[in-house]
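Here is a brief report on one structure.

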Amino acid sequence: MYNFTAVIFTSFLICSAPVLASSAPPVAPDNSKMNQRDTNSDELTAAQQGNTQSDVEISRKLRKELVKDKRLSVYAHNVKIITQDGVITLKGPVRTEAEKALIEARAGKIVGCRHVENEMDVSPKL
């Protein structure tokens, strides 16, 4: 059984939840390879997102599609979407090949399959 407590200070509500201890030592995330890849001047980053109304709308539309699909992992919800001149570049980790294919298909539905660059990596849970 869990004990939850709530304390109200002026207009703030602070809740405490139980913390479950894990017997496994914490694993530090290591995305050094991806970070090094993104420092290459030939690689697109989020800073190169197109600012035209069309590019912004394409990215917004795809992000909305991904976030509303609750079957996708948090990784898939947060994949990088970079749209330039109507071409979507997808980057970042996803949990499975199926997620990778689904995201690419959704992007292709928005801009056409020839206008999608899939640079996502499959990174299963450790």
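Gln84 sits in strand 3, which covers residues 80-84. The model is predicted. Gln84 counts as partly exposed because its relative accessibility is 30%, a value between the 20% and 50% cut-offs.

Gln84 has partners from elsewhere in the sequence. Residues up to four places away aside, Gln84 touches Leu44, Gln48, Gly50 and Asp55. With Gln48 there is also a polar contact: the side chain of Gln84 reaches the backbone oxygen of Gln48 at 2.9 Å. Thr52 lies 32 residues from Gln84 in sequence, yet their C-alpha atoms are 8.5 Å apart.

Three strands make up an open sheet with mixed pairing, in the order 3-4-5. Strand 3 and strand 5 (116-122) are the edges; each has a single partner strand, so one side of each lacks a neighbour in the sheet. From one strand to the next, the twist averages 10°.

Strand 3 and strand 4 (residues 87-94) run antiparallel and are joined by five bridges. Within this pairing, Ile82 has Thr89 of strand 4 as its bridge partner.

The table gives their contacts and directions.

| Helix | Residues | Strands touched | Angle between directions |
|---|---|---|---|
| Helix 2 | 53-68 | strand 3 and strand 4 | about 155° with strand 3 |
| Helix 4 | 97-111 | strand 4 and strand 5 | about 165° with strand 5 |

**Helix 4.** How far apart are the end C-alpha atoms of helix 4? They are 21 Å apart.

Which residues of helix 4 are buried? They are Glu99, Ile103, Arg106, Ala107, Gly108 and Val111. These buried residues pack against helix 2, helix 3, strand 4 and strand 5. Just after helix 4 comes Gly112, with a positive phi of about 95°.

**The loop at Ser73.** Ser73 belongs to the loop between helix 2 and helix 3 (74-77). Is Ser73 buried or exposed? Ser73 is buried, because its relative accessible area is 16% and the cut-off for buried is under 20%. Apart from neighbours within four places in sequence, Ser73 is in contact with Arg95 and Glu99. Glu99 is one of the buried residues of helix 4.

Technical notes. Residues are numbered from 1 along each chain as its sequence is written. This is a predicted model: local features need pLDDT of at least 70, side-chain atom pairs count only at pLDDT 80 or more; totals for chains, interfaces and linings use all residues. Side-chain values use heavy atoms; hydrogens and water are left out. Helices (H or I, at least four residues) and strands (E, at least two) are DSSP runs, numbered from the N terminus. Buried means under 20% relative accessible area, exposed over 50%, partly exposed in between (1.4 Å probe, protein chains only). Contact means heavy atoms within 4.5 Å. A polar contact is a pair of N or O atoms within 3.5 Å; within protein, one must be able to donate a hydrogen and the other to accept it, and residues adjacent in sequence count only if both atoms are side-chain atoms. Two strands pair if DSSP finds at least two bridges between them. Axes are lines fitted to C-alpha atoms, for helices over the stretch in contact, and angles run from 0 to 180 degrees between N-to-C directions. The expected span of a helix is 1.5 Å times one less than its number of residues.
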